[in-house]
Amino acid sequence: MIYSKKSVGELCHVLPGYAARGKLEVASMGGVRGVQLRDVTPSGELEVGSLSAYAIPGNIERYRLADGDVVFRSRGEWTTAAAIAAPITEPLIAVMPVFILRPRVRGLDPRYLAWSINQPTGQRALDEKAQGGGLRMIPK
């Protein structure tokens, strides 16, 4: 299957991360590990093992990451993506302004999706959609 000329929205469900109402509190025990902007590098790497755990109230299922998802930095100087390629053994969520890209097309490799977003052509396409002057933002 050829994916060229398809938008991310056509290939994936674009889901928002958890919107914290204030500062996230690091959990002293337990908690849920969360992916924030700082956790996705400019080169599109994500080290799942070093993520902080937070005390998140309420139901987290809609923000929960699954194998095969891609996390996308929607704000800041660089708007890179990272694939969740390793098996997830405990709850892991995305925290806004990180978006979850969940492939809706069978056979779409999340590592390829993240790689293509991080390429210069993908970054140029995102630059065309960017809003804001001081703090760039890619709208959903």
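The following legends describe close-up views of a predicted model.

Local features require pLDDT of at least 70 and side-chain atom pairs pLDDT 80 or more, whereas totals for chains, interfaces and linings use all residues. Residues are numbered from 1 along each chain as its sequence is written, and side-chain values use heavy atoms, with hydrogens and water left out.

**View 1. The open sheet of four strands, in the order 1-7-4-5.**
Helices (H or I, at least four residues) and strands (E, at least two) are DSSP runs numbered from the N terminus, and two strands pair if DSSP finds at least two bridges between them. The pairing in this sheet is antiparallel. Strand 1 and strand 5 (81-83) are the edge strands, each pairing on one side only. Ignoring direction, neighbouring strands are turned by 25° against each other on average; axes are lines fitted to C-alpha atoms, for helices over the stretch in contact, and angles run from 0 to 180 degrees between N-to-C directions. Helix 2 packs on the sheet and touches strand 1, strand 4, strand 5 and strand 7, where contact means heavy atoms within 4.5 Å. The direction of helix 2 makes about 165° with that of strand 5.

**View 2. Bridges of strand 7 and strand 4.**
Strand 1 (residues 12-16) and strand 7 (residues 98-103) run antiparallel and are joined by five bridges. Within this pairing, Cys12 has Pro103 of strand 7 as its bridge partner. Strand 4 (residues 70-73) is joined to strand 7 by four bridges, again antiparallel, and to strand 5 by three antiparallel bridges. Val71 stands opposite Ile100 in strand 7 and opposite Ala82 in strand 5.

**View 3. The open sheet of three strands, in the order 3-2-6.**
The pairing here is mixed. Strand 3 and strand 6 (92-94) are the edge strands, and each pairs on one side only. Two bridges connect strand 2 and strand 3 in the antiparallel sense. Arg33 stands opposite Ala53 in strand 3.

Leu51 has 8% relative accessibility and counts as buried (under 20% relative accessible area; exposed is over 50%, partly exposed in between, with a 1.4 Å probe and protein chains only). Residues up to four places away in sequence aside, Leu51 touches Arg33, Gly34, Val35, Asp39, Leu46 and Leu92. Val8 is 43 residues from Leu51 in sequence, and their C-alpha atoms are 26 Å apart in space.

**View 4. The aromatic pair of Tyr18 and Tyr63.**
Rings of Phe, Tyr and Trp (its six-membered ring) pair if their centres lie within 6.5 Å; planes under 30 degrees apart count as stacked, over 60 as edge-to-face and the rest as tilted. By this rule there are two aromatic pairs. In one of them, the rings of Tyr18 and Tyr63 have centres 5.5 Å apart and planes at 80°, so the pair is edge-to-face. Tyr18 lies in the loop between strand 1 and strand 2 (32-35) and Tyr63 in the loop between strand 3 (53-54) and strand 4, so the pair ties together parts 45 residues apart in sequence. Tyr18 is buried, with a relative accessible area of 13%, and Tyr63 is buried at 14%.

**View 5. The crossing of helix 2 (residues 110-118) and helix 3 (residues 120-129).**
The two axes come within 4 Å and cross at roughly 65°. Helix 2 and helix 3 are therefore roughly perpendicular to each other (65 to 115 degrees; under 35 counts as roughly parallel, over 145 as roughly antiparallel and the rest as oblique). Ser116, Ile117 and Asn118 in helix 2 meet Pro120, Gly122, Gln123 and Leu126 in helix 3. By class, this contact has three nonpolar, four polar and no charged residues; Ala, Val, Leu, Ile, Met, Phe, Trp, Tyr, Cys and Pro count as nonpolar, Asp, Glu, Lys and Arg as charged, and the others, Gly among them, as polar.
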